[in-house]
Amino acid sequence: IGFSKCYLERLGYSKEEVEGKKIWTSFIADSDEMDRMIAYHQNRRKDDGDIPETYEFSFKTRNGDLLTVIATVTMIPGTRRSLAALIDITGKKQGESALLQARKKLNLLNRLTFNDIRSSVYVLAGYIDLSRDMVTDPAMIAWIEREKETIRQIDKALGFARDYQDIGVRSADWQV
């Protein structure tokens, strides 16, 4: 097993500690991933075409930190040896997780604000209806009817906003 100097530094090992002394499975953090990757390793040597070339797994460093890694593995032609390229995507995964949490919090704030506004609109509509029942002046009734129409437009806009408030929180689903 061999790693670049930069990658060894990220893992907390020296070249002398790894090359010829550690096997690749000693860096896999999760036992289920270990089983899956060993099966990939064995089947790749049987020339089984169903083995993915690229996959994600958890890699453990010397001090126990977990890295999320994308591995691309291919066989070296004419040998039973493989070549793997590893890309550390830990920061990307952490960023995605933080972004999702922020979106969820904003969505919650949006829902609370939406409910507060909608409640106030309903109360205002009730007051307008009470006012309408107390007024006999035709000019004032016309103004109250305009107020009621404005309330209906606000309620319609709130309904539209509610229908789209979860955009950006869920992953995109492609439709065929």
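Which residue takes a positive phi in the hairpin of E1 and E2? Hold that thought for a second, everyone, and thanks for coming. What we have on screen is a predicted model.

Here is the answer: glycine 64, with a phi near 95°. The hairpin has five residues between its strands. E1 covers residues 54–60 and E2 covers residues 66–75. The two strands pair in the antiparallel sense, over seven bridges.

In E1, the covered face holds Tyr55, Phe57 and Phe59, while Thr54, Glu56, Ser58 and Lys60 make up the uncovered face.

Now let's zoom out. There are five helices and three strands in the protein, and from the N terminus the order is α-α-α-β-β-β-α-α. The radius of gyration is 30 Å, whereas a compact globule of 176 residues would come in near 16 Å. Along the principal axes, the C-alpha atoms fill a box of roughly 95 × 40 × 25 Å. Of the 176 residues, 22% count as buried. Among contacts between residues at least 6 apart in sequence, 41% join residues at least 24 apart.

One last stop, on the surface. Val123, Tyr127 and Leu130 form a nonpolar patch there, with about 320 Å² of accessible area together. Leucine 130 sits in helix H4, which spans residues 90–134. That's my tour, and I'm happy to chat!

How values were computed
Residues are numbered from 1 along each chain as its sequence is written. This is a predicted model: local features need pLDDT of at least 70, side-chain atom pairs count only at pLDDT 80 or more; totals for chains, interfaces and linings use all residues. Side-chain values use heavy atoms; hydrogens and water are left out. Patches are made of residues with over 30% relative accessible area and no salt bridge: like charges are joined within 9 Å, nonpolar side chains (Val, Leu, Ile, Met, Phe, Trp, Tyr) within 5 Å. Accessible areas come from the Shrake-Rupley method with a 1.4 Å probe; for residues, only the protein chains shown count as cover. A salt bridge is a side-chain nitrogen of Lys or Arg within 4 Å of a carboxyl oxygen of Asp or Glu. Helices (H or I, at least four residues) and strands (E, at least two) are DSSP runs, numbered from the N terminus. Buried means under 20% relative accessible area, exposed over 50%, partly exposed in between (1.4 Å probe, protein chains only). Two strands pair if DSSP finds at least two bridges between them. The radius of gyration is taken over C-alpha atoms; the globule rule is 2.2 Å times the number of residues to the power 0.38. Contact means heavy atoms within 4.5 Å.
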